[in-house]
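Here is a short briefing on one protein chain. Look through the sequence and the structure first, then read the points below.

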Amino acid sequence: MNMKKIMIYALSLLTFGLSSCNGFLTEEPVTELDTEKVLSTYESLNKATLGAYSALNDGTWYGAGFVLSCELRAGNAKNPTNTDFTSGRYINEYSWIYLDSSTSGLWTYAYFVIAQANNIINNVDGKETIDVTTQDLNNIKAEALFLRALSYFDLLRTYAQPYTYEPQGLGVPVVLTVDKDARPARNTVAEGFDQIVKDLLMAEELMDDEYVRADVTDAYSAVSKPAIWGLLSRTYLYMGEWQKCADYATKVIECGQFNMFTESQLPNVWGSDASDGGEVIFEVFGDQKNYYNEYWEDISWMTSPSGYADVASTADLRDLYEEGDVRGSLFVSHKEAPDHFWTTKYKAKDPTARPSYANIVVIRLSEMYLNRAEALARGAAIAGATADNDLLTITSNRGASPVTATIDNILLERRKELAFEGHLVYDMARTGTSLHRVDYQGAADAKDIEFPSYRWALPIPKGEMDANPNMVQNDGY
């Protein structure tokens with residue numbers, strides 16, 4: 001089955017468990033279930049929920065492309081100039097060269113997860129048995145709501161102008177039921193964000209505070225109550241809802257489950273499975289047996305000088321770190337390209353594997369402090385918390401000098417702390433920040449990109465435009 005041929009008009013697919021990722025699951029997920037069986041029992045729905053996670057690891061999403069495109073477009077990353085040392089991937093992303101026939105592949109996989117989530121959400125109720133409680137059902141429904149919300153959040157960041165700039169502009173279709181004959185039109189950006197918030201608030205209400213999915217190797221690769229809070233904080237940040245952003249960041253910070261990585265810990269925490277008491281709140285599990293991961297397209301292979309090495313860091317980023325800041329040490333060079341430096345945030349879980357794979361951190365504690373610091377600086381209030389102290393929590397654990405919590409300094413700390421984690425280009429969009437690059441060797445017209453511009457929203461894929469007569473393309477494409 002060629003997953004790239006799945007379009008939105010095929011949202012009735014019920015092959016929930018196409019993953020065969022032995023590392024993520026301790027039990028194989030169900031594969032190719034017929035509708036009646038999928039929707040009939042808690043066991044099948046629970047396995048369907050497990051399968052819904054797997055597409056996050058596709059090479060077009062957190063498995064590589066979504067994160068790396070962000071870093072390349074924003075000026076943190078570049079294509080190495082030593083082309084004999086690389087494979088030539090990610091050139092278009094670096095130079096913002098996008099057409100409807102050459103755009104992000106996120107659309108297909110995000111809507112596939114949405115279809116999976118919709119079937120779970122709409123059919124899980126009423127499946128109680130002597131061994132299955134209402135709370136058991138609510139927990140997996142909450143997971144599906146989170147996955148649907150995350151999918152829409154990433155779709156809107158990719159294919160629409162930011163909420164803070166054009167909330168009534170074209171977003172993406174909000175599809176809440178499965179209908180193979182549907183040809184949905186685009187909802188507004190505001191309608192999309194409203195649905196994300198609605199899903200996450202319902203997930204928060206439904207999920208048990210102590211719920212931990214038992215049948216995964218890495219508990220942090222499954223949805224938890226703090227993961228829901230973390231995504232709510234991020235969503236409200238993107239909406240400019242400062243008090244709500246701060247409130248939910250505080251829930252995570254004060255829940256007692258997470259602690260900042262120390263200066264000595266930070267270089268050694270990347271790529272491997274998360275451990276209790278660290279910063280990781282939610283991550284995507286990297287596993288070479290994952291159906292959706294496209295063999296040699298994994299992010300660890302793209303950012304390693306021992307792999308394809310197509311995405312290196314820029315001097316624009318590295319020069320931001322003062323001497324002694326441990327974050328400046330999270331880069332590695334190679335004897336054949338000594339003037340290039342690659343991020344070490346995607347170290348291979350198994351360095352002997354060819355290709356290699358790494359876990360991808362999606363939400364962690366540092367972001368919550370940064371979210372809250374920005375919200376506080378923009379007018380929110382949390383008893384006992386200040387933006388200066390939240391920034392000090394970051395810098396004091398990185399060997400960096402304290403900084404005053406101005407908006408510019410907070411955004412700079414976000415760039416330094418969250419580099420190569422898929423944030424910067426979207427932070428620039430939501431704050432209306434134009435792009436200006438110095439360490440740059442791409443297409444001349446992409447060195448500097450002003451905001452606003454049509455280019456901050458990528459084109460809807462041609463396959464979707466051809467299949468759906470109600471779809472409207474973004475301006476400029």
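Glu279, Asp325, Arg327, Lys345, Arg364, Arg398, Glu413, Lys416, Glu417 and Glu421 are linked in a network of salt bridges. A salt bridge here is a side-chain nitrogen of Lys or Arg within 4 Å of a carboxyl oxygen of Asp or Glu. By this rule the count comes to 27 salt bridges.

This is a predicted model, in which local features need pLDDT of at least 70, side-chain atom pairs count only at pLDDT 80 or more, and totals for chains, interfaces and linings use all residues. Residues are numbered from 1 along each chain as its sequence is written, and side-chain values use heavy atoms, with hydrogens and water left out.

**Salt bridges of Glu421**

- Glu421 and Lys345 meet through their side chains in a salt bridge of 2.7 Å, N to O.
- Glu421 lies in the loop between helix 14 (407-417) and helix 15 (424-430), and Lys345 in the loop between strand 5 (337-343) and strand 6 (360-364), so the pair ties together parts that are 76 residues apart in sequence.
- Helices (H or I, at least four residues) and strands (E, at least two) are DSSP runs, numbered from the N terminus.
- Glu421 also forms a salt bridge with Arg364, with the closest N and O atoms 2.7 Å apart.
- That pair links distant parts of the chain, 57 residues apart, with Arg364 in strand 6.
- Glu421 is buried, with a relative accessible area of 6%.
- Arg364 counts as buried at 2% relative accessibility.
- Buried means under 20% relative accessible area, exposed over 50%, and partly exposed in between (1.4 Å probe, protein chains only).

- Asp466 and Lys462 form a salt bridge, and their closest N and O atoms are 2.7 Å apart.
- Both residues lie in helix 16 (residues 462-467), four residues apart, about one turn of the helix.
- Asp466 counts as exposed at 56% relative accessibility, while Lys462 counts as partly exposed at 39%.

**Nonpolar cores**

- A nonpolar core is a set of buried Ala, Val, Leu, Ile, Met, Phe, Trp, Tyr and Cys residues joined through side-chain atoms within 4.5 Å.
- The largest nonpolar core has 137 residues, of which Trp61, Tyr62, Phe146, Leu155, Phe193 and Phe282 touch the most other members.
- Helix 6 (residues 134-159) gives the most to this core, with 14 residues.
- A second, separate core of five residues includes Ala309, Ala312, Ala337 and Trp342.

**An enclosed helix**

- In helix 5 (residues 106-123), 16 of the 18 residues are buried, so the helix is largely enclosed by the rest of the structure.

Technical notes: The expected span of a helix is 1.5 Å times one less than its number of residues.
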